[in-house]
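Please find below my notes on the model you sent. They are set out as numbered points.

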Amino acid sequence: MGQYIVHSKLRNIGAQVDQQTGQHRFINDEPISGHGTDAGPNPVQYLLSSIGGCLAITANDVARKNDELELKKFDVKTSGTTTNFQDGGSAVTKIKVHVELETNLSDSDQKVFMSRVLKGCTVHNTLKNAVPIELTIN
């Protein structure tokens, strides 16, 4: 079991938020059209990048445990659709994940590899029951 702590502090500049976790610092912001300064990705962009990053890191972990697997390419493009509701709220209502995958595996073994990646990806597993995720693999 892991525990992660992130400290978020609103700055007095546009919509900037300083984020710190361990020794890592980063900024959330909104584009200028959203009253930000565009100094960093917005929270939805970080959410989407978390899925792609988690899938890629998990793919690397699974591949390292298999000496016969050569992971030549694992590129992820993630997009999300947000919906604004009449009550003023909003949510990510659909996520599309496209993986470009190149290995030395047969098609059937590549499917097994991807099922292991999906099973091991914490972020995907966290979101898959909350938001429809459309996954395509090439």
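1. Overall layout. The model is predicted. The protein chain has 138 residues, and 25% of them count as buried. Its C-alpha trace spans about 55 × 40 × 30 Å along the principal axes. Among contacts between residues at least 6 apart in sequence, 43% join residues at least 24 apart.

2. Order of elements. The protein chain contains 3 helices and 6 strands. Read along the sequence, these follow the pattern β-β-β-α-β-β-α-α-β.

3. The sheet of S1, S2 and S3. These 3 strands form an open sheet in the order S1-S2-S3, with antiparallel pairing. Strand S1 (7–10) and strand S3 (24–28) are the edge strands; each has a single partner strand, so one side of each lacks a neighbour in the sheet. From one strand to the next, the twist averages 20°. As background, strands of a sheet pair through backbone hydrogen bonds, in either a parallel or an antiparallel sense.

4. Pairing of S1 with S2. Strand S2 covers residues 17–21 and pairs with S1 in the antiparallel sense over 4 bridges. Ser8 stands opposite Gln19 in S2, and Lys9 stands opposite Asp18 in S2. The hairpin of S1 and S2 has 6 residues between the strands, and in this hairpin Gly14 takes a positive phi near 50°.

5. Pairing of S2 with S3. S2 and S3 run antiparallel and are joined by 5 bridges. Asp18 has Ile27 as its bridge partner in S3.

6. The hairpin of S4 and S5. Strand S4 (residues 71–84) and strand S5 (residues 90–103) run antiparallel, with 13 bridges joining them. One of the facing pairs is Thr81 and Lys94, the latter in S5. This hairpin has 5 residues between the strands, and Gly88 takes a positive phi near 95°.

7. Packing of H1 and H2. How are the two helices H1 and H2 set against each other, in angle and in distance between axes? Helix H1 (residues 43–64) packs on helix H2 (residues 107–120) at an angle of about 125°, and their axes are 9 Å apart. That angle makes H1 oblique to H2. The crossing of H1 past H2 is right-handed.

8. Residues at the H1 and H2 contact. On the H1 side, the residues that meet H2 are Leu55, Thr58, Ala59, Val62 and Ala63. On the H2 side, they are Phe113, Arg116, Val117, Leu118 and Gly120.

9. His124 in H3. Helix H3 covers residues 122–127 and holds His124. His124 has 10% relative accessibility, so it counts as buried under the 20% cut-off. Setting aside neighbours within four places in sequence, His124 is in contact with Leu118 and Ile133. Leu118 is also among the H2 residues that meet H1.

10. Cysteines. Is Cys54 buried or exposed? Cys54 is buried, with a relative accessible area of 15%. Cys121 is buried as well, with a relative accessible area of 0%. A disulfide is a covalent bond between the sulfur atoms of two cysteines. With a limit of 2.5 Å between cysteine sulfur atoms, the count comes to 0 disulfides.

11. Most residues other than glycine have a negative phi. At 69% relative accessibility, His35 counts as exposed. Asp38 is placed in the loop between S3 and H1 too, and its phi is near 60°, again a positive value in a residue other than glycine. Asp38 is exposed, with a relative accessible area of 51%.

Methods
Residues numbered from 1 in each chain as written. Predicted model: local features only at pLDDT ≥ 70, side-chain atom pairs only at ≥ 80, totals over all residues. Heavy atoms only, no water. Buried < 20%, exposed > 50% of the residue type's maximum accessible area, 1.4 Å probe, protein only. Pairing = 2+ DSSP bridges. Axes fitted to C-alpha atoms, helices over the stretch in contact; angles between N-to-C directions. Parallel < 35°, antiparallel > 145°, perpendicular 65-115°, else oblique. Left-handed = near helix turned anticlockwise from the far one by under 90°. Contact = heavy atoms within 4.5 Å.
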